[in-house]
Structure formats: structure tokens, C-alpha cells
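Please open the model in your viewer and keep the selection panel at hand. The stops below are meant to be followed in order, with a new selection at each one.

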Amino acid sequence: MEEVKDVTRRFSSRESAPLLQWSKWQLLDSILPTGGFAHSFGLEAAMQAQIVAQPQHLQSYIIHTLENTGSLLLPFVYSAAASPDLQTFQHLDMILDATLTNEVSRKASVSQGSALMRVSSSVFSEFPSLKMMRNACLSNGDVCFHHAPVFGLVCGLVGLDGETCQRAYMYITMRDIISAATRLNLVGPLGAAVLQHQISLVAEELLTKWKNRGVEEACQTSPLLDTVQGCHSYLFSRLFCS
Amino acid sequence: METGSLVVSKVCSKSTVTRCFSKYPLKFMVPTKAAPSHIDAVWIYTLTYGGGIVSGDCISFDVTVEDGCTAVLTTQASTKVYKSVALKCSEQIMEASVGNDALLVVIPDPVTCFSTARYSQKQVFRVISGSSLLVVDWITSGRHESGEKWDFTLYKSTNHIYVETRPLFLDTVLLENGNVTSIAERMQDYQVIAMVILLGPKLKHIQNQIQEDVKKMMSEQLHAPSMGGRTKAINGDGYTKPPLIASCNSFGPKGIGSVVRIAATTTESVYRFLHSQLAGMEPIIGLCPYR
């Protein structure tokens with residue numbers, strides 16, 4: 001352990017650009033234990049409703065879900081990252097709780113957000129404010145820990161710029177749906193990787209369209225998918241929570 | 001610039017419209033005998049001159065339902081939104097407040113936007129814990145017979161509910177034909193989308209009934225693939241997309257409210273669905289909605 005302490009002492013500032021990359025990659029890596037693997041973003045319900053009946057429907061499904069992520073959730077990531085403080089976070093959390101009218105996605109957001117907050121407050125120990133905010137919110141009792149504001153808060157504190165935070169959020173959403181698609185046997189691992197690379201072009205266009213908006217402009221753009229995702233609790237046999 | 005204002009208060013213990021102001025292009029009609037006399041509910045029809053909303057129209061009105069009253073807001077026919085001229089957007093805004101032990105029921109016919117129309121509507125409801133609210137908000141894809149399916153440029157519908165200044169339900173649906181995806185692609189073969197919001201003590205039994213009915217109806221239509229998806233077409237079992245998909249979920253602390261979302265291939269099927277699910281409203285408002 002002595003060598004580790006020596007090393008961290010030599011790199012006095014974790015804010016240097018190369019070290020920031022390590023934190024960024026850790027946040028985007030699916031190995032970070034935030035439980036994203038338990039959610040299919042409505043894909044499982046869409047398959048059982050025959051909305052996604054063939055593997056070729058998968059690409060459209062992902063694009064429509066990403067567009068909805070952009071229109072509905074990016075404003076919360078953006079605002080949280082721009083002001084990573086307790087008051088802003090609590091306010092955004094309350095607004096998002098009223099905005100996610102779909103109970104299935106609301107519960108999924110809380111479950112992933114709580115996990116991310118718990119993990120980040122331990123991992124990014126150089127930001128004691130993260131642990132303090134987490135404790136303050138837990139004792140408050142009113143805070144849900146929704147995913148998008150937590151993600152923005154953590155990225156903002158770690159030092160990622162606004163556009164990168166929002167791109168990262170789109171990235172992890174795409175990553176998780178594609179992972180769910182392979183587990184639902186809709187596409188194989190190689191096909192999934194090819195698809196992910198193809199969709200990244202569209203994802204970047206969607207980011208450009210929907211970035212940097214205020215939460216009062218948050219809206220949903222795929223009501224059909226929202227309706228279908230809401231059916232998740234009616235599925236008799238299911239792999240995923242949402 | 002207010003186009004209209006409505007107040008419903010108790011007069012001799014009966015819900016009565018005590019203020020009814022409207023100016024062009026909005027008109028309110030309050031028939032004297034809508035509900036049977038033993039039911040305390042007042043029905044108000046909102047109309048627009050010419051039967052539709054014209055490019056650039058801006059209609060805004062407020063509704064106050066005082067303590068203990070029951071008011072129903074409805075339309076005579078579907079709201080048609082005509083094509084946009086010079087890129088102008090038409091707008092309709094309603095602000096409503098519902099008092100204690102009061103009920104506001106908003107049961108319009110659907111909005112139908114014609115090709116190239118641009119339309120935005122916003123409904124803000126301010127309630128307290130003893131208020132009850134039923135709101136139906138729906139849209140069809142256009143004039144299907146003329147081949148107009150999701151052919152309008154922009155439709156935006158916002159529904160906000162605040163309980164004593166605290167936001168409870170903030171929903172905005174935006175359908176815009178954009179450069180990345182078109183509305184028709186996102187809707188697939190579905191031609192109608194609808195939302196029903198139920199909140200408050202007077203509607204609790206209806207909320208519970210709808211939750212059960214929708215669950216039963218949808219459980220029969222959702223089928224897990226019998227084999228993995230890749231080996232053959234997933235629906236090799238012969239299942240097809242349900243002509244009507246609905247999901248009912250609760251919202252708010254302790255699940256005080258319910259929201260039902262519907263997507264369907266025909267307008268008639270949604271009328272039938274609403275008629276059957278809201279049949280329990282008849283003893284409360286005097287008539288069954290969506291006959």
C-alpha cells in the first residue's frame with residue numbers, strides 16, 4: 001500500500017487532463033457496478049408486443065429511444081453538470097420525478113441513479129462533497145436519486161464539460177440497450193458491435209439537436225414506446241426489470 | 001390576452017356556471033339540461049368558430065371549479081387544426097384550478113392536425129389534496145381517408161398538474177417531423193395516441209378498475225418468444241402487433257394518480273375503450289363519456 005500512496009502523492013492534482021480521461025473511461029465502462037444490465041429500456045416489452053418483431057427493427061428502436069433520451073433526459077444531465085451543487089440537484093430530482101410519468105422508467109431511473117450515487121461517492125473520494133450530498137439527501141428522505149441528474153452531478157464534479165457529459169449519457173444509454181438486445185437474443189455480440197458503431201453517427205446528430213436545453217423544455221418524442229414500456233409489469237415471463 | 005374565463009360555483013347547493021366569458025374564436029355552450037336533475041354536474045362545451053383552429057389562432061382561457069362542485073368540459077366534435085400559413089403556430093392554453101371536494105372532468109374529442117399544421121396546447125391544473133381530476137388528451141394522425149398520416153409539421157401537448165405549488169405531473173409530448181426520424185416511423189402503424197389522467201378521492205374506484213382491466217387485456221396480447229430471436233423470425237409463432245396497446249401506471253406520492261397511455265390503429269377502437277373504461281363516471285357526471 002506504501003507504493004500506492006507514493007504514486008498518488010506525486011500526481012498532486014487529479015484535474016490534469018490525462019488523469020481526467022481515466023475517470024471518464026471508468027464512468028462509461030459497463031463494469032462500473034451501477035446495475036444498468038437489469039434494464040432493457042422497454043425493449044423486452046416491445047418484443048413481446050411485436051413492435052420489435054425482427055432483428056432489423058432493432059436499429060429503429062434504438063434510434064427512437066435515443067431521440068427520446070435526448071429530448072427528455074439530456075436537459076437534466078446538462079443542468080446538473082452545469083451546477084453540481086446540492087440545491088440544484090435536489091430541485092432537478094424533484095422535477096424529473098414529476099416528469100417521468102411512466103412508472104416503469106421512473107423506478108428504473110431511481111434504481112440506477114441510487115446505485116451510481118453510492119458507487120461514485122466511494123470511487124471519487126477526492127470529491128468529499130459527493131459523499132456529503134449523498135448523506136444530506138438520504139437524511140432528507142424526499143430525494144429519489146434519479147439517474148440523469150446524478151450522472152450530470154458526478155460528471156460535472158469530476159470535471160467533464162457539458163457537451164461531453166451529455167454525449168456520455170447518450171453513449172451509456174445506447175450501450176445498455178444494445179447489451180439488453182444481445183441478452184434477448186435479438187442480435188449476436190459481433191452484430192451488436194457493428195450496430196453500435198453504425199448508430200453512433202445518428203446518435204451524434206441527435207446529441208447536436210437536443211443538447212443544452214433547460215428542464216422546462218423537456219419533452220417526450222416517442223409516445224408509442226412510452227406506452228409499450230409501461231406494459232413491462234404485464235409481462236408474464238421477463239428477464240429485465242424495465 | 002384572455003379569450004375566455006369560466007367559473008363554476010355552488011348556487012343553492014348546485015354546481016352552476018357563475019361566470020362564462022368568451023370572445024372570438026372561442027365560444028362556450030352551457031346546455032341547461034345535460035345531466036339528469038338528481039346529479040350535480042355542469043357540462044360545458046368548448047367550440048371554435050368555423051369548427052377548427054386556424055393558423056396563428058391563439059386561444060387561452062381559465063377555469064375555476066370551486067369547492068364541492070363538479071364540472072365537465074367537452075367538445076362537440078374533434079378539434080381540427082388547419083394547415084400552417086407562413087410557418088405560424090396555433091396555440092391553445094387552459095389554466096384550471098380545482099377546489100376541495102371538487103371534480104373537473106376534461107373529455108374532449110381528439111385533435112386532428114391537417115397536413116403541414118403547427119399546433120401547441122398547454123393545460124395547467126392547480127389542485128389541492130381533496131380535489132379530483134379526470135383528463136383525456138388525444139390526437140389522431142390526420143385525415144386518414146385522404147392519406148394524411150402523421151403529415152403535420154408540429155404538435156405539442158403539455159399537461160402539468162401542481163398540488164399546492166409542488167409539481168406532481170409534468171408531461172409534454174412533442175411530435176415533430178424532423179430530419180432524423182419522421183413521426184410516422186415512430187408511430188409505426190398506429191394512428192391514434194391517447195392519454196387519460198385520473199387523480200383524487202372521487203375517482204379512486206375507477207382508477208383501480210382501469211388498472212385491473214388494462215392489465216388483464218394486455219396480458220393476453222403480450223407473448224414471450226418461444227425461441228431465441230435470431231434463429232428465425234421472432235414472431236414465427238404467428239403473433240401480430242396488437243391493434244390497441246394500453247398501459248396503466250400510477251404516479252405521485254403513494255400512487256395517488258393513474259395515467260393510462262394508449263396507442264391504436266383506429267379512432268373507433270379508442271372511443272370504445274374510453275367509453276368502456278369510463279363507464280363508471282356516469283353516476284358522477286350524469287352521462288357516460290364517449291358514447
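Which residues have the most contacts inside the largest nonpolar core? Bearing in mind that this is a predicted model, begin by selecting M281(B) and I285(B), which have the most contacts within that core of 173 residues. Helix α10 of chain A, residues 162–183, supplies the largest share of the core, with 10 residues. Staying with M281(B), display its neighbours beyond four places in sequence: this residue touches L103(B), V105(B), L134(B), L203(B) and I206(B), as well as G286(B), L287(B) and P289(B).

Next, select strand β4 of chain B, residues 42–48, where seven of the seven residues are buried. In a regular strand the side chains alternate between the two faces of the sheet. On one side of β4(B) you will find V42(B), I44(B), T46(B) and T48(B), and on the other W43(B), Y45(B) and L47(B), with both faces covered. Strand β7 of chain B, residues 70–75, runs parallel to β4(B) and is joined to it by five bridges, with L73(B) as the bridge partner of I44(B).

From there, move to the open sheet of seven strands in chain B, whose order is β2-β1-β6-β9-β12-β14-β15 and whose pairing is mixed. Its edge strands, β2 (14–22) and β15 (166–176), each pair on one side only, and the twist from one strand to the next averages 10 degrees. Within this sheet, select β9(B), residues 90–98, together with β12(B), residues 118–127, which pair in the parallel sense over eight bridges; E91(B) stands opposite S120(B) in β12(B).

The last stops concern aromatic rings, for which the count comes to 13 aromatic pairs over all chains. Select F89(A) and F145(A), a tilted pair with 6.2 Å from centre to centre and 40 degrees between the planes. F89(A) belongs to helix α6 of chain A (residues 86–99), whereas F145(A) lies in the loop between α8 (128–140) and α9 (147–158) of that chain, so that the pair links parts of the chain 56 residues apart. Both F89(A) and F145(A) are buried. Returning to chain B, select Y119(B), W150(B), F152(B) and Y155(B), which ring pairs link into a cluster. Finish with R143(B), which lies over the face of F114(B) at 3.7 Å from the ring centre.

Methods. Residues numbered from 1 in each chain as written. Chains lettered and ligands numbered in written order. Predicted model: local features only at pLDDT ≥ 70, side-chain atom pairs only at ≥ 80, totals over all residues. Heavy atoms only, no water. Core = buried A, V, L, I, M, F, W, Y, C linked by side-chain atoms within 4.5 Å. Buried < 20%, exposed > 50% of the residue type's maximum accessible area, 1.4 Å probe, protein only. Helix = DSSP H or I, 4+ residues; strand = E, 2+ residues; numbered from the N terminus. Contact = heavy atoms within 4.5 Å. Phe/Tyr/Trp six-rings, centres within 6.5 Å; stacked < 30°, edge-to-face > 60°. Lys NZ or Arg CZ within 6 Å of the ring centre and 35° of its normal. Pairing = 2+ DSSP bridges. Axes fitted to C-alpha atoms, helices over the stretch in contact; angles between N-to-C directions.
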